[in-house]
Amino acid sequence: MGANVAPAYANIYMDNYENAYVYNNILFRTHSRCWLRFIDDIFCLWTGPHDTLLSFTEYLISIRPELQFTLNSSPMQISFLDTLVIREPNGSLVTDIFSKPTDSNSLLHYQSCHPISTKQSLPRSQFKRVARIVSKPSLLPERLEEMSQKFMARDYPVSLLNKEKRLATNPSVSPNSQSRPERVPFVHSHHPVMPVVYDAIRKHWPLLKQAYPHIQAFSTPPLLCKRRPNNIRDKVVKADIGSFTRVPRQTFLSTERNGTFPCLRCACCSNVIKSGTITHPHSGKQFRINGFFTCDSNNVIYVVKCPCGLLYVGETTQHIRDRIASHKSTIRCKKTWLPLPTILCPPTTPSHNCDSKYLSRWTDHAGAATTSNS
């Protein structure tokens, strides 16, 4: 459902929706005998005619058209999540495991680089799920065998599957949970070499216990806990857009050369002149830019070129894009107590002959700025 908080938001919204529109409806109170919801999936037992169910569904859709309710109904059987509910001829309900026709065997492969405890506990949880859902004892062995075939297709050993199958079908064989003393957790990323580290910890832990008998944490060995390391998906897929701290990156296919260039990633790129030199407006002397600079550059001496040709030279420790945005704002707001607006905003400087429409174009659309090495 996207973000981690999405299920919580969906549950809160649907709970308010049900309290406001569902539970007080006359059709619901008359014909509904069961109403179960898991986030946005709803299971309902309806005792009235089918046309009343259709009327109730149309009523729900009419309240909030942005909510799309899809109705699947049957007098004999219906699927809900991974459960198939079947109505017997005598009117009783039985449950069976349900899989979509398009379901693919996506169980964790036994040769995958995961902790062995994770791979051993997966068959146990799945067999227990099958035993919990399948309500007919005569059908349970067949469903457990189907689940075993899925695990064997993923290279799980038959001995492990048989052991976990016995534990799932005979709860009395399962080991009883006992209260255990608190232990210091040793959390690490899983790696195939970690068993060697485990052996070293177990071997030398008595030294700590003997040297510091008064420290309760050293009385028992640590609890070895594994966390999932980064996989290929984590390296390929980026789940967010990153922080506000921008890291300079190469945006050109060719080799970097001296000069000033737009970074191609910000709104101030149109205000940057692509050039390797700065020309004096009166003498015509050219000054070479010694270095590669973009809108991401900081700690530079920069030049702002007026539409009339005059230059304003400044220095900043900020990124050029931030400094350009600041200058455009001060000119637009005519803050004439600052240096650049004092020069560019008429009529404060009569000697500076520049049409105000060009200044407006610079502040609202495009202009010129050139950076040089500080």
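This is a predicted model: local features need pLDDT of at least 70, side-chain atom pairs count only at pLDDT 80 or more; totals for chains, interfaces and linings use all residues.
**Entry 1**

I looked up the order of the strands and found an open sheet of three, S3-S4-S5, with antiparallel pairing. Strands S3 (77-80) and S5 (93-97) are the edges, since each pairs on one side only. I noted that neighbouring strands of this sheet are turned by 25° against each other on average, direction ignored. Between strand S4 (residues 83-87) and S5 I found five bridges. For Arg87, the bridge partner in S5 is Leu93.

**Entry 2: the hairpin S12-S13**

I then turned to strand S12 (residues 300-305), which runs antiparallel to S13 and is joined to S13 by six bridges. Tyr302 has Gly314 in S13 as its bridge partner. The two strands, S12 and S13, form a hairpin with five residues between them. In the turn, Gly309 has a positive phi of about 110°.

Which side chains of S13 are buried? I found that Tyr312, Gly314 and Thr316 point to one face and are buried.

**Entry 3: a nonpolar patch**

On the surface I located a nonpolar patch formed by Val5, Tyr9 and Ile12, with about 330 Å² of accessible area together. Of these residues, I placed Ile12 in helix H1 (residues 6-22).

**Entry 4: salt bridges**

Side chains of opposite charge can pair when their charged atoms come close. My search of the whole structure gave eleven salt bridges.

One of them joins Arg129 and Asp82, at 2.8 Å from N to O. Arg129 lies in helix H4 (residues 116-133) and Asp82 in the loop between S3 and S4, so this pair ties together parts that are 47 residues apart in sequence. Asp82 counts as partly exposed, at 26% relative accessibility.

I also recorded a salt bridge between Lys150 and Asp103, with the closest N and O atoms 3.8 Å apart. Because Lys150 lies in helix H5 (residues 140-152) and Asp103 in the loop between S5 and H4, the pair ties together parts that are 47 residues apart in sequence. Lys150 is partly exposed at 29% relative accessible area, and Asp103 is partly exposed at 44%.

Within helix H5, I found Arg143 and Glu146 three residues apart, about one turn of the helix. Their side chains meet in a salt bridge of 3.2 Å, N to O. Is Arg143 buried or exposed? Arg143 counts as buried, because its relative accessibility is 15% and the cut-off for buried is under 20%. Glu146 is partly exposed at 39%. Finally, I noted that salt bridges with shared partners join Asp96, Glu142, Arg143 and Glu146 into one network.

Notes
Residues are numbered from 1 along each chain as its sequence is written. Side-chain values use heavy atoms; hydrogens and water are left out. Buried means under 20% relative accessible area, exposed over 50%, partly exposed in between (1.4 Å probe, protein chains only). Helices (H or I, at least four residues) and strands (E, at least two) are DSSP runs, numbered from the N terminus. Two strands pair if DSSP finds at least two bridges between them. Axes are lines fitted to C-alpha atoms, for helices over the stretch in contact, and angles run from 0 to 180 degrees between N-to-C directions. Patches are made of residues with over 30% relative accessible area and no salt bridge: like charges are joined within 9 Å, nonpolar side chains (Val, Leu, Ile, Met, Phe, Trp, Tyr) within 5 Å. Accessible areas come from the Shrake-Rupley method with a 1.4 Å probe; for residues, only the protein chains shown count as cover. A salt bridge is a side-chain nitrogen of Lys or Arg within 4 Å of a carboxyl oxygen of Asp or Glu.
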